[in-house]
Amino acid sequence: MKTLYIVRHAKSSWEYEGIKDIDRPLKKRGINDAYLMSKILNEKVPRPDVFVSSSANRALHTGIIFCSTFGYPLANLKINKSLYSFSDGYLIKTIRALDDAFDSAIVFSHNHGINDFVNDFGNKSIDNVPTCGIVGIRFKIDHWKNIKKGNTFLTEFPKHYKNK
């Protein structure tokens, strides 16, 4: 059994002119959402065996906040430049390339690729994974390279926890 948590990066800022897309930082709301959602996930599931992030600033910052909350060593956070592609093809390749010694993984990536992935590989239709949304999928496999349709067992979105 392999368990995957997909996290869309938290809300990013568009307020800086001339900054490259890959360098866009999180907004204050995004930082707050990342702390909120990482705490919620940490209370619900065991710490994933490996944390993998896109190299984009907003995804990486989201991943760092989750690492901090889970007590995962930052030195072990894997940064994958190909996750910045906005294509589910690179997300699939990244997941299939995970070391089989890891039974669980958490991946921080971007829209488009995430939406396509969770609908293609999970068994629950999700229109849109919002910023800092988390989707958990379990696969009845022994090797990451063999992922196919799995069981979507977790969907946690920031809007479910605001104004409570």
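**Contacts and their cut-offs**

Modeller: Lys-39 and Glu-43 both sit in helix 1, four residues apart, about one turn of the helix. Helices here are DSSP runs (H or I, at least four residues; strands are E, at least two), numbered from the N terminus. Before we go on: this is a predicted model, where local features need pLDDT of at least 70 and side-chain atom pairs count only at pLDDT 80 or more, while totals for chains, interfaces and linings use all residues. Residues are numbered from 1 along each chain as its sequence is written, and side-chain values use heavy atoms, with hydrogens and water left out.

Colleague: What makes Lys-39 and Glu-43 a salt bridge?

Modeller: A salt bridge needs a side-chain nitrogen of Lys or Arg within 4 Å of a carboxyl oxygen of Asp or Glu. Theirs is 3.9 Å, N to O, so the pair counts.

Colleague: Why is Arg-58 called buried?

Modeller: Buried means under 20% relative accessible area (exposed is over 50%, partly exposed in between; 1.4 Å probe, protein chains only). Arg-58 has 1%, so the label is buried. Its salt-bridge partner Asp-21 has 26%, so Asp-21 is partly exposed.

Colleague: And why are Phe-51 and Tyr-72 called stacked?

Modeller: Rings of Phe, Tyr and Trp (its six-membered ring) pair if their centres lie within 6.5 Å; planes under 30 degrees apart are stacked, over 60 edge-to-face, the rest tilted. Here the centres are 4.1 Å apart and the planes at 25°, so the pair is stacked.
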